[in-house]
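Subject: Structure handover

Hello,

Here is the structure I promised to pass on. My notes follow below it.

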Amino acid sequence: MTIAITGANGSVGTILLSRLANRTDVQAVACVRSQRAAATLPQASNISTRVVDYGDREGLATAFTGAGCLVHLAGILMEGPTTTYQSAHVEATQTIVDACRAAGVRHVVLVSVLGADPDASNQYLSSKGKAERIVSASGLSATIIRTPLLLGPGTAGAGALVGQASRPAVPLLGGGRHVVRPLDVDDLSGAILNSCGASRPGVATHELVGPEAVAYRDLVARAAALMGRQVAIRSIPVWAAKLGATIAGLKKRGGMTPTVIDIITSGEDVHRNGDAELGVTLTPLSTTIEKCLPSRAKG
Ligand SMILES: NC(=O)c1ccc[n+]([C@@H]2O[C@H](COP(=O)([O-])OP(=O)(O)OC[C@H]3O[C@@H](n4cnc5c(N)ncnc54)[C@H](OP(=O)(O)O)[C@@H]3O)[C@@H](O)[C@H]2O)c1
């Protein structure tokens with residue numbers, strides 16, 4: 001089986017490729033946007049690299065030719081001066097789906113986010129929902145996996161968590177009272193690979209969250225305890241953070257906007273966890289946190 005991956009240099013892509021490295025039954029085509037990104041990818045005999053723009057339909061179709069499954073990971077949480085949710089999620093997904101059809105790719109795995117909805121008032125969730133709709137309407141078979149906060153070496157979430165847990169006192173948005181269901185990226189990687197291997201006709205959408213619901217402030221305290229530390233949690237009112245972000249947004253586009261603040265302070269409960277349907281056994285949260293700590297990340 002050959003699997004093509006967009007956003008292969010991101011945190012999920014890197015862990016997915018490490019898991020695939022040197023497997024004799026899978027070839028991976030790792031798609032990235034620059035030579036600099038290509039240089040960071042895990043090296044293995046069964047991993048080849050393509051540098052391609054996600055707006056270049058022909059270049060993508062060439063990269064995907066021979067692949068049975070496309071894993072679409074490219075995406076952003078924060079807009080920037082030259083990057084929008086519309087371009088990164090909606091337009092890129094349309095181009096990638098068109099390229100899949102041109103290349104004869106049979107199955108798409110889209111990693112999306114809890115709450116994705118084309119009609120959402122939150123622009124990030126709306127763009128992710130539109131990306132899902134493009135995949136669903138493509139005529140290709142697809143697995144859509146909606147995910148919560150992802151934890152694992154190299155994820156933005158792990159970086160923030162370890163940074164916060166390393167301080168004697170840390171201010172958290174809303175006092176960190178929102179409840180999260182962090183998912184281990186190794187578990188997500190397993191779900192992605194199972195979806196590629198057992199692709200069925202039609203489109204299946206799953207919500208996949210970690211095994212434990214925990215207030216974010218308690219997650220920080222647990223990470224600190226595993227580091228042999230204590231951390232005092234302070235609170236930044238969400239309204240004050242949004243006001244500050246709105247004022248900052250008058251000078252600079254993107255970054256920490258009220259849209260992003262709403263995402264990172266929203267609850268992550270789901271009606272039905274997709275772990276069984278996706279064939280994964282969830283890693284205990286404490287094990288996942290340990291994997292993110294500096295000594296473990298280096299090892
Ligand atoms: N990490 C989480 O907690 C989390 C939670 C829910 C959903 N997700 C979704 O899961 C997927 C994988 O996440 P991740 O943590 O691996 O992301 P990541 O580490 O931030 O990597 C993002 C990838 O997207 C590419 N990218 C950046 N800007 C882009 C743009 N404007 N257009 C197209 N591609 C762009 C990056 O390429 P360059 O390196 O060239 O910039 C990189 O390959 C993403 O779609 C993300 O939205 C993540």
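Ser11, Val12, Ile15, Leu16 and Arg19 of α1 touch Val185, Asp186, Leu188, Ser189 and Ile192 of α7. Contact here puts the C-beta atoms of two residues, placed from the backbone, within 7 Å. By class, this contact of α1 with α7 holds six nonpolar, two polar and two charged residues. Nonpolar covers Ala, Val, Leu, Ile, Met, Phe, Trp, Tyr, Cys and Pro; charged covers Asp, Glu, Lys and Arg; the others, Gly among them, are polar.

The angle between α1 and α7 (residues 185–197) is about 65°, and their axes lie 9 Å apart. Axes are lines fitted to C-alpha atoms, for helices over the stretch in contact, and angles run from 0 to 180 degrees between N-to-C directions. The two helices, α1 and α7, are therefore roughly perpendicular. The classes are: under 35 degrees roughly parallel, over 145 roughly antiparallel, 65 to 115 roughly perpendicular, the rest oblique. The crossing of α1 and α7 is right-handed. That term applies if the near helix is turned clockwise from the far one by less than a right angle; anticlockwise is left-handed.

A word on the source. This is a predicted model: local features need pLDDT of at least 70, side-chain atom pairs count only at pLDDT 80 or more, and totals for chains, interfaces and linings use all residues. Residues are numbered from 1 along each chain as its sequence is written.

Next, the overall picture. The protein has 12 helices and 13 strands. These are DSSP runs, numbered from the N terminus: helices are H or I with at least four residues, strands E with at least two. The radius of gyration is 19 Å, close to the 19 Å that the globule rule gives for 299 residues, so the protein is as compact as a globular protein of that length. The radius is taken over C-alpha atoms, and the rule is 2.2 Å times the number of residues to the power 0.38. The C-alpha trace spans about 55 × 40 × 40 Å along its principal axes.

Now α4, with two partners. Helix α3 (residues 57–64) packs on α4 at about 50°, axes 8 Å apart. α3 and α4 are therefore oblique to each other. Their contact has eight nonpolar, one polar and two charged residues. Helix α5 (residues 123–136) meets α4 at about 5°, with axes 9 Å apart. α4 and α5 are therefore roughly parallel. Seven nonpolar, six polar and two charged residues make up the contact of α4 with α5.

Best wishes
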